[in-house]
Amino acid sequence: MVVSGTINASEQGYFESGPGAGQSGSGDASRLSAGGGAYGGKGGNSVHGRVGGNVYGDLMNPDDLGSGGGYVWAAWATYTRGGRGGGKIKLNVGGELNLTGSIMADGGTWWRQDGGTYSAGGGAGGSVYVTAGKITGSGLISANGGSGLPGSGGGSGGRLAIYYEMSSFSGTMSAYGGPGYESGGSGTIYAKAAAAPYGELVLKNNNLVGITELIDGTYNFSKIEVKEKAVLNVSSGDAIYGTDLYIQNGGTVTNNGTLNIPGNFVLDGGGVMNHNGGSFNNGDSVVGTSGTFNLNKKLVLPNLTVKSG
């Protein structure tokens, strides 16, 4: 299968609704902003405290639409409509998928109706689920959230899951949260080779600070990357087992659950690790240039290297 054009399900998800819809705002000018929609990450909150939506869905088998951002209704009967969530795309390719074009399920930005003057919440990205024998090309796969700027919350990123036997894909995969008064959280990018026991999880947020949480449960990954100012909050209900963990390029992990990383734990490039509770088990830990390790609970590490810089 060759995709040289665009498969586009952007803004085909929930409209001002959904399991992770952003909170709407109405009334006088002190309340006229809205929260961002959610799916793979949390929706951003607004300047007036309108709350963004919460995460939902299965990161390894995504099959949901993105939720819509909240709307704004002024007392003088003007509307600003929230961004629509992204739709969902499923591709099952028995042979080779050659992608030089785009596969997109992005959330939308708010829009004005009846002369509205305020911003509303951004829509969350949707889902893209691809299985293929081989993936090649240099195209784009995205499920990004929509903007809530200036005063409302950005929509979160959606969920990408890519399963393959072989891959030489050199393009871009993104599930960025949208910008806003508070930006939406990174969505999830999960990629698994058929021969590997577990897949890799990537959270990256285009250098926008936004929060991502996992649905409470037990997870196994071969590698976890948290970067580009994505923030992963590990709750007391999470048990995460991953061979390697890389927190880099401004990424942050805050741990209150179980993190079991028997391989490499690398923290550098402005990355931050906050160990607030729960447990953290690790083999080799490296805190590199500009990495920050905040220990708010006693922790024993068998092998810790702190580099200069």
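Student: Between which two strands does the loop that holds Asn207 lie?
Tutor: This is a predicted model, in which local features need pLDDT of at least 70 and side-chain atom pairs count only at pLDDT 80 or more, while totals for chains, interfaces and linings use all residues. Residues are numbered from 1 along each chain as its sequence is written, and side-chain values use heavy atoms, with hydrogens and water left out. Strands are DSSP runs of E with at least two residues, helices are runs of H or I with at least four, and both are numbered from the N terminus. On that numbering, the loop with Asn207 lies between strand S14 (200-204) and strand S15 (210-213).

Student: What is the relative accessibility of Asn207, a residue with positive phi that is not a glycine?
Tutor: The phi of Asn207 is about 65°. A residue is buried under 20% relative accessible area, exposed over 50% and partly exposed in between, with a 1.4 Å probe and protein chains only. Asn207 counts as partly exposed, because its relative accessibility is 47%.

Student: Is Glu16, which also has a positive phi, buried or exposed?
Tutor: Glu16 has phi near 55°, a positive value in a residue other than glycine, and its place is in the loop between strand S2 (6-8) and S3. Since the relative accessible area of Glu16 is 17%, this residue is buried.

Student: Which peptide bond is cis, with omega near 5°?
Tutor: The proline concerned, Pro150, is placed in the loop between strand S10 (140-142) and S11. The cis bond with omega near 5° is the one from Leu149 to Pro150.

Student: How many helices and strands does the protein have, and what is the order of the open sheet of 11 strands?
Tutor: The protein has 0 helices and 24 strands.

Student: In S13, which residue is the bridge partner of Ala161?
Tutor: Strand S11 (residues 159-167) runs parallel to strand S9 (residues 127-136), with 8 bridges joining them, and Lys134 has Met166 in S11 as its bridge partner. S11 also pairs in the parallel sense with strand S13 (residues 188-193), over 6 bridges. There, the partner of Ala161 is Tyr190.

Student: How many of the 10 residues of strand S18 are buried?
Tutor: Strand S18 (residues 238-247) pairs in the parallel sense with strand S16 (residues 217-227) over 9 bridges, where Gly217 has Asp238 as its partner. S18 and S20 pair in the parallel sense over 6 bridges, with Tyr246 opposite Val266 in S20. S18 is mostly covered, and the number of its residues that are buried is 7.

Student: What is the relative accessible area of Pro62, and which residues does Pro62 touch?
Tutor: Pro62 lies in the loop between strand S3 (25-27) and strand S4 (72-74), and this proline is buried, with a relative accessible area of 1%. A contact means heavy atoms within 4.5 Å. Not counting residues up to four places away in sequence, Pro62 touches Tyr39, Lys90, Ser127, Val128, Tyr129, Arg159 and Ala161.

Student: What is the radius of gyration of the protein?
Tutor: The C-alpha trace spans about 65 × 50 × 35 Å along its principal axes, and buried residues make up 55% of the 309 residues. The radius of gyration is taken over C-alpha atoms, and the globule rule is 2.2 Å times the number of residues to the power 0.38. For 309 residues a compact globule would have a value near 19 Å, which agrees with the radius of gyration of the protein, 20 Å.

How values were computed:
Two strands pair if DSSP finds at least two bridges between them.
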